[in-house]
Structures are given as C-alpha cells and as structure tokens.
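Please keep the viewer open as you read.

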Amino acid sequence: MTLSLFIEQSLNGVQLGVQLFLMSAGLTLVFGIMNLINLAHGSLYMAGAFFAAMFIKITGNFLLAIALAIPCTAIMGILMELIVLRRFYARGHLDQVLVTFGLILIFNDLVRMVWGVVPVPMPVPALLSGSVEIMDGVLYPAFRLAILSVGLVVALGLYVVVVHTRTGMWIRAGASNRPMASALGVDVQLVFALVFAAGAALAGLAGMMAGPITAVQVGMGEPILILALVVTVIGGIGSIRGAFIAALMIGIVDTFGRVLLPHALGSMVIFMLMALILAWRPKGLFPVHG
Amino acid sequence: MKTSLRLAGLAAAAVGLLLSAGAQAQQPIKIGFISTMSGPEGVLGRDLSDGFKLALKHANNTFGGRPVQVVYGDDQVKPDVGRQVVDKMLESDKVQIVTGINFSNVLLAVLKPVLDAGAFYISTNAGPSIVAGRQCHPRFFAAAFQNDQNYEGMGQYLREKGYKKIYLMAPNYPAGKDMLTGVKRYYKGDVAGEVYTTMGQLDYSAEIAQIRAAKPDAVLVFYPGGMGINFVKQYAQAGLKDQIPLYAGAAVVDQTILPALGDAALGMYTGALWSEYLDNAANKRFAADFEKEYNRIPSPYAALAYDTGRMMQAAIDSIGGKIEDKVAFQKAMENVKFESVRGNFKFNTNHFPIQDYYLTKIEKDEKGRLVAKLQQKIMSDLTDAYSGDCKMAAQ
C-alpha cells in the first residue's frame, strides 16, 4: 500500500466513522438517559433522507432542503416519543425491542405508501459534485469532505453543549443517575423530550448526508442501525465521547479490514473488535453509569 | 306437503349437478404467483407481477379457452416464508402452476414441494444452476434465464473489446459467485482483482480506492438493487467514471434503480437479454401497453414475466386447455411457439432458454428519462453451461 493510498483509505475510514457518529450520538443518549432501546432510530435516519430528497425536488436547493428536513425529522421523533415510547420507559428491554421493531415495520410500509417501492433520486449538490486534490495525485470527492466537516462540527457542538452548558449538565446527570437528578429538581420529562428530538434530528441529518452517496430506499436505516449499536456498545452506553471515539475506531478498522484482510475475516473484524473490547471493559470504553 | 318438499329437494340437487357439470367445462386454470412484494426488494415483485398481469390482460384472462385464476403471495425474501406460502397455494388453492420467484435461494426452498405435489414450476426470473444441470425436472421450466447467462455475454464482450486486465466485484453470496463465474467462462484475459463484498454493503469508498490503485482497463460489477445505487453513485463521485469504464451484466442497472441513479449512471454499459428498444412487434406492443397501463418504462423483470405469461398461454392454447394431461403440457412447453418480446427464444433440452445477448448503454430518452439504449447484439443462441449434466426423466 503506497502512502497516498494509505492516506486516502484513512480519510475514507474517518469519514465513515463520522457518519456513524452522527447516527450513534442520538442512540447512545436515548439509551443511556432513558434506558430505552430504540430500534426505530434507523427509521428516523430513513425519514431524514426521504424528507431531504422530497424538499430537494420541490425547492431545488440542497441547503434549504436540509434546513427544512431537520425540523421535520425532529418533529417525527417527538411524536414517536409522545405517542408510543413514553409508555415504555418503565417496561423491560424486551418490550421496548418489540415495540420499536414494530415501529420499523410500520415506518417502512408508510414510506412505501408515500414514496413508492422504487428508490428515490437524491443528487449531490452541484457545488460539491467534483473532487478535490488533497495531495499529489490523490483525488477525494468533495461531498465526502463535506460530510467529514459537518460531522466534526456536530461533534464539537455536542461536546460544548453536553460539557459546558446547564442543559448538558442535566443530560449528564440524567444519564449517570436518573432518580437522583430528578430529586435534585431536574425536569426529567423535559430533558427526555429534548434529548429525543435532538437524537432524531441527528439521525435524520446522518440520513440526509448519506442520501447522495447511497440508495434512498425503504429499509435503508437497518444496516446502519446495526453498526450504530456496535458503536454505542463499544463506546459505553450514554457517552457522547465514547460514541465519537468508538465510531472513528469502527470506521477505520472496517475500512482497512475490508481492504487488507480476506473477505471472510474483513467483514467480521469489527465484531471481533467489539468482543475484545467488551472482554476487557464489559461496560464499554467510557462507562457512564457508576 | 312432504312429497313436494322432497321433490323440490331433488330438483335443487339436479340443478346443482347440472351447474357443477357446467362449471367442469369452465373450471379455471389456477396459478400461484409468489414473489418479493414487501421490503426494500419489493420493487422486483411489483415489476414481475405487473408484467405478468399485462400478459393476462392481453390474453383476456383466458388460457386455452379456460379462465385463469391467479393467487398472489409474498415471500419477503425468506425461504421459510416462501415455503409456507407455497404450501397454502398447493393445498388449499390447488394451484397447477407456480411462478414469480425472483431470488434463487427462495426458489430452491419451494421447488421440491411444488414438484412433489405434481404441479409445474415456470420461472419468471430465478434460474439456479443446479436445476439446469443434475436436478433438472420435467415439470420445471426457466422462462427467463440461467443465472450465469446474465454475465456470460458480458465476458464475451470484454474479450472482443480487447481488454487485457479487468476488475470484478460482486456481493458475497451464491448468485454473486455464479455471475463472476459466468464472466470468466468467456473472458480469458487477466483479472486484476476479484473482490467480494458484504451483502447489502453501503459504503464502497475503500474498494474504489483499491480500484484506482490497481489501474485496470475496465471494471465489471454485479450489484443488484440498492447496492447498485450505492456503488454506481460512489464510483462516479470518485471521478473514476471517466477514467476506467464501468460495466454491468443484464438485469442490474435497469428501470428498478435508474430513476434513483440520476446522471451517475450516464454512459455506463450493461448487458441485456431484453431491451425495450428490441425491434419486434410483440415487444413494441408490450412496451407501449406497459407504459400506458403503469405509467413507467418496463424493467427486464416486467418484460420477462410478461414473456412467461405469453408462453404459458401459447402452450396451453396448443393443447386446448387440458393442462391436467401433464405429459402433453410438458411437450407443449418444450415446443412452445410464441412471439417472444426477446425475439429469438427457444427451450434447450434442460428446459432453460436459448436466447440472444445484447449490449446497452445508459442514455437519456427524448423525455429526459434514463434508459438503456440498445447498442449491438453480442451473442446469438446463447445456451447455458449446465445442460450437458441434465438427464431429463420421464414424468
């Protein structure tokens, strides 16, 4: 492997990692704070992509479409929480898995009814459709660099909010000890709703950013959900920092595993990594609960 | 009073008998159509069943003077679900022909119960190698293709084109290996890389970077459905489309994904067993009526399902509707004469097609829609590689 190929593959790995982080951030917060396993998180990813594709078709402007699609996905998340999931916080994980799995089926068929069975088009915005020469002879798609920057900006923003603001303090308090936080006067119900909306918006954003490079189709949220669950578990449930580091790790290990190892090994290397990490630290890299 | 009641009863019974005798002559031919109707691959079942329904409409829903009754079922791409659906069709609906399945693994799971029950299986799509060879069966017909055929013609074309070094990619599952085996059966040059990726993979940036480094003359991929959208988009975005030509075999980059691909697919070459531009009367009628009926361009899935329906009609017509005579129906299918939308079509001794292979190029039509424009014929009378292994038993 030459140096330029190595750099290109590293960029690919980091970019995949950042995409995974957008998806896992919401999942890990919801799981950590509300103790709720939300398999329908992938449906929000799908919804984000479909909303954005629809608004692009209507407005013809990528940025405007993203700006419209994010609140739509957040509202969908809030409705999901209000109507269904709120009733399942106190129930066991099995009930939660069942109800959110049911939601996946419902959302997939709703999308099929509204947009049809044929995948919908979502073009790369003209401004970002070319490639950038990052170093001698290494061309990299501009849109992937955009995904990379958006992901890093969101990660930084989340870090500032979670670590340096009062809301962030509530969130961290809720994540590490819910009854105690509630007893100290944190409006847990409000924090829950906020976190859920933010998580939905982030999953939607991940879907929108993935739309131009992958297929916008029914069921697109499920494959990425599995990877996001791996990231969440490795990073430590409820930890944003853990999700970020685990996502980058998975992105890089997966990319190099696919290229360097024989296929049978390459496709399971991330799961072996997960097993190793869990054997070493059963609660993930950055456990939140004491 | 009692006698008149008894009389009335007798009369009713007699009328009933008469009615059922009348129904005997007009008893419908029952067909079970099972395909993938739901989930991400639901688009395939939709196109297959739409094509088949159009054939029924053109036949006025009558094969050999008898009305046709079709029971539809969804296999959800799950062999076990397919098996349950087919068991119900065979036992309670008493279907005589089963058809429609698109995935070979589902087909192989349902084939035994269908054939054991004495019904026929006439495939609109899947054509696994095992049924073409050792396990060929008098009541199994593949109306569409043997799986490898989709890529064999492309192997031939790449050889004729004089490429010295090609790069092959497919998902890691049996059909992926079959397709690339098909290519290598005809292409004899160097293979710079033969890469199998995970089923349903989303991101191909790592593999694409490897292609760039390997500098092959051409890249040939088998990525059906959503995987095709992912790969073709990312290949174009990496700027490789104009540097290394990208090829695919038949039934991959077609109307089931072209609307979502956009300009990323423009200029790409793909193989074809059928094209909406093939110049024959049956095809022109099909393409025009399909677009009128469903308001979209037909895919090869729809076309081959339509052809399957037309073929069944011709065979059943030729024996006056008596498909209960299974030996006669088998003979009628083997020697079926009908106007295929593919032009040249006949069955080989293993009940798989002998047909032509074409090259198409993705361009825009006059309405600005992406279409696969017909370029040239690559091969005539393409058979499959397994017919030699088939010793067709008597029924």
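A charge sits over a ring if NZ of Lys or CZ of Arg is within 6 Å of the ring centre and within 35 degrees of the ring normal. Lys177(B) meets that description, lying over the face of Tyr196(B) at 5.0 Å from the ring centre.

A word on how to read what follows. This is a predicted model, in which local features need pLDDT of at least 70 and side-chain atom pairs count only at pLDDT 80 or more, while totals for chains, interfaces and linings use all residues. Residues are numbered from 1 along each chain as its sequence is written, chains are lettered from A and ligands numbered from 1 in the order in which they are written, and side-chain values use heavy atoms, with hydrogens and water left out.

Now to rings that meet other rings. Rings of Phe, Tyr and Trp (its six-membered ring) pair if their centres lie within 6.5 Å; planes under 30 degrees apart count as stacked, over 60 as edge-to-face and the rest as tilted. Over all chains, the whole structure holds 27 aromatic pairs. One of them joins Phe120(B) and Phe329(B) edge-to-face, at 4.7 Å centre to centre and with 75° between the planes. Phe120(B) belongs to strand β5 (residues 120-123) of chain B and Phe329(B) to helix α13 (residues 326-334) of chain B, so the pair ties together parts that are 209 residues apart in sequence. Helices (H or I, at least four residues) and strands (E, at least two) are DSSP runs, numbered from the N terminus.

Phe120(B) is buried at 2%, and Phe329(B) is buried at 0%. Another edge-to-face pair is formed by Phe141(B) and Phe347(B), with 5.2 Å centre to centre and 65° between the planes. Phe141(B) sits in strand β6 (residues 140-142) of chain B and Phe347(B) in strand β12 (residues 345-347) of chain B, so this pair ties together parts that are 206 residues apart in sequence. Phe141(B) and Phe347(B) are both buried. Elsewhere, ring pairs link Trp274(B), Phe286(B), Phe290(B), Tyr294(B) and Tyr306(B) into a cluster.

On a 1 Å grid over the protein atoms alone, a cavity is a set of points where a 1.4 Å probe fits but cannot get out, and a pocket is an open set with protein on both sides within 12 Å along at least five of seven lines; lining residues have an atom within 4 Å of a point. Grid points are joined across faces, edges and corners, and a volume is the space filled by probe spheres set on the points.

The second largest pocket has a volume of about 680 Å³. It is lined by 27 residues, and the closest to its centre are Lys57(A), Val118(A), Pro119(A), Pro121(A) and Pro259(B). Helix α2(A) gives the most to this lining, with 5 residues. Domain 1 (25-145 + 278-354) and domain 2 (149-277 + 360-382) of chain B both contribute to the lining, so the pocket lies between them; these bounds come from an automatic or database domain assignment.

How many cavities of 30 Å³ or more are there? The search of the whole structure finds 3. The largest cavity holds about 210 Å³ of space. Its lining has 24 residues, with Ala251(B), Asp254(B), Ala272(B), Trp274(B) and Pro300(B) nearest its centre. The second largest cavity has a volume of about 60 Å³, and its lining includes Glu8(A), Tyr140(A), Ser205(B) and Arg212(B).

Finally, two backbone details. Most residues other than glycine have a negative phi. Asn61(B), in the loop between α2 and β2 (62-63) of chain B, has a positive phi of about 60° although it is not a glycine. Asn61(B) is partly exposed, with a relative accessible area of 36%. Asn295(B) also has a positive phi of about 60°, and is found in the loop between α11 (281-294) and α12 of chain B. At 69% relative accessibility, Asn295(B) is exposed.

Note on methods
Buried means under 20% relative accessible area, exposed over 50%, partly exposed in between (1.4 Å probe, protein chains only).
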